Amino acid sequence: MTREGSRRAANGANRRPRRVPVPVAGTALLLIDVINDLAFDGAQPLIAEAEPMASRLAALKRRATKADVPVIYINDNFGQWRSDFRRTVAHCTARTSPGRRVSQRLRPTTRDYFVLKPKHSGFYDTTLDTLLGSLRVRRVILTGIAGNICVLFTANDAYMRDLKIFAPADCIVSNTAQDNQNALRQIHTVLKGNITTSERLTFQGRRDPG
């Protein structure tokens, strides 16, 4: 390699990833089905992917919270129709839950919002529309489990509502890597979503007073 080639390679290695600005005003971070017991046959490969994803998502959530971006948990209730979200959290973080490490790393705080959903999309038969309207949200950062099912269904409905979509690829997992890649490709090409990784997202500005 020539000296010039070495210099370019070194510059490329030292170059920081291109940042993607995300305005704080009008943005919400959505965590989809991350409070999850993952108690189903064949879940182990998904759990193996979800645990490191949860650490990356927890870091993104900390940055969003620090920037005053509202965080909304959108979650199945796992058929526990007589329970509230606190009981769902307790169930999924219990020692007997296969998904406990994911749920523990992403345990909600008292300042977070939550929406329980009966089906795949976070918008279907829920209060999410009303909540986003109250928060004046125009763009959503979609994360969670599973990319090819609940995340994708929620992204479809967000797109139909003219919401700008961010779907950080390192904060979404599916049953298989191929399923995840297909879902991200759909979000990017059809739904015009930005699928850059979470560390490239940079929160800018301040939240709208409300």
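Analyst: What follows is a set of questions on those labels, each answered from a value and its cut-off. The model is a predicted one. The chain holds seven helices and eight strands. Of its 210 residues, 46% are buried.

User: Let's take the aromatic rings. How many aromatic pairs does the structure hold?

Analyst: It holds two aromatic pairs.

User: Why is the pair of tyrosine 73 and phenylalanine 85 called tilted?

Analyst: The ring centres lie 6.2 Å apart. The cut-off for a pair is 6.5 Å, so the two rings count as a pair. Their planes meet at 50°. Stacked needs under 30 degrees and edge-to-face over 60.

User: Which residues form one aromatic cluster?

Analyst: Tyr73, Phe85 and Phe114 form it.

User: How do you know which of these three are buried and which are partly exposed?

Analyst: Buried means under 20% relative accessible area, and exposed means over 50%. Tyrosine 73 has 0%, so it is buried. Phenylalanine 85 has 6%, so it is buried as well. Phenylalanine 114 has 47%.

User: What makes lysine 164 a charge over a ring?

Analyst: Lysine 164 lies over the face of phenylalanine 166, at 5.6 Å from the ring centre. The limit is 6 Å, with a further condition of 35 degrees from the ring normal.

User: Where does H2 bend?

Analyst: At alanine 50, by about 25°. Proline 52 follows within four residues. Just after H2, aspartate 68 takes a positive phi of about 70°.

User: What covers the buried residues of H2?

Analyst: The cover includes E2, E3, helix H4 (100-105), E5, strand E7 (172-173) and E8. Among the buried residues of H2 are Leu46, Ile47, Met53, Leu57 and Leu60.

User: Which element gives the largest share of the largest nonpolar core?

Analyst: The core has 34 residues, and Leu31, Leu57, Leu106, Ile141, Ile145 and Phe203 touch the most other members. Elements giving two or more residues include strand E1 (20-23), strand E2 (27-32) and strand E8 (201-204). H2 gives the largest share, nine residues.

User: What is phenylalanine 203 in contact with?

Analyst: Beyond its neighbours within four places in sequence, its contacts include Val22, Val24, Leu60, Ala64 and Ile141. Apart from this core lies another, of 26 residues, among them Ile74 and Leu163.

User: Why is threonine 154 called buried?

Analyst: Its relative accessibility is 0%, and the cut-off is 20%. Threonine 154 is therefore buried. Its place is in helix H6 (residues 147-160). Not counting residues up to four places away, threonine 154 touches Ile32, His120, Ser121, Gly122, Phe123 and Leu142.

User: How do you know that the span of H6 agrees with its length?

Analyst: H6 has 14 residues, which should span 20 Å at 1.5 Å a residue. Its end C-alpha atoms are 18 Å apart, which agrees.

User: Last, what makes threonine 93 buried?

Analyst: It has 11% relative accessibility. That is under 20%, so threonine 93 counts as buried. Threonine 93 is in helix H3. Leaving aside neighbours within four places, it contacts Arg100, Ser103, Gln104 and Arg107.

Notes
Residues are numbered from 1 along each chain as its sequence is written. This is a predicted model: local features need pLDDT of at least 70, side-chain atom pairs count only at pLDDT 80 or more; totals for chains, interfaces and linings use all residues. Side-chain values use heavy atoms; hydrogens and water are left out. A nonpolar core is a set of buried Ala, Val, Leu, Ile, Met, Phe, Trp, Tyr and Cys residues joined through side-chain atoms within 4.5 Å. Buried means under 20% relative accessible area, exposed over 50%, partly exposed in between (1.4 Å probe, protein chains only). Contact means heavy atoms within 4.5 Å. Rings of Phe, Tyr and Trp (its six-membered ring) pair if their centres lie within 6.5 Å; planes under 30 degrees apart count as stacked, over 60 as edge-to-face and the rest as tilted. The bend at a residue is the angle between axes fitted to the seven residues ending there and the seven starting there. The expected span of a helix is 1.5 Å times one less than its number of residues.
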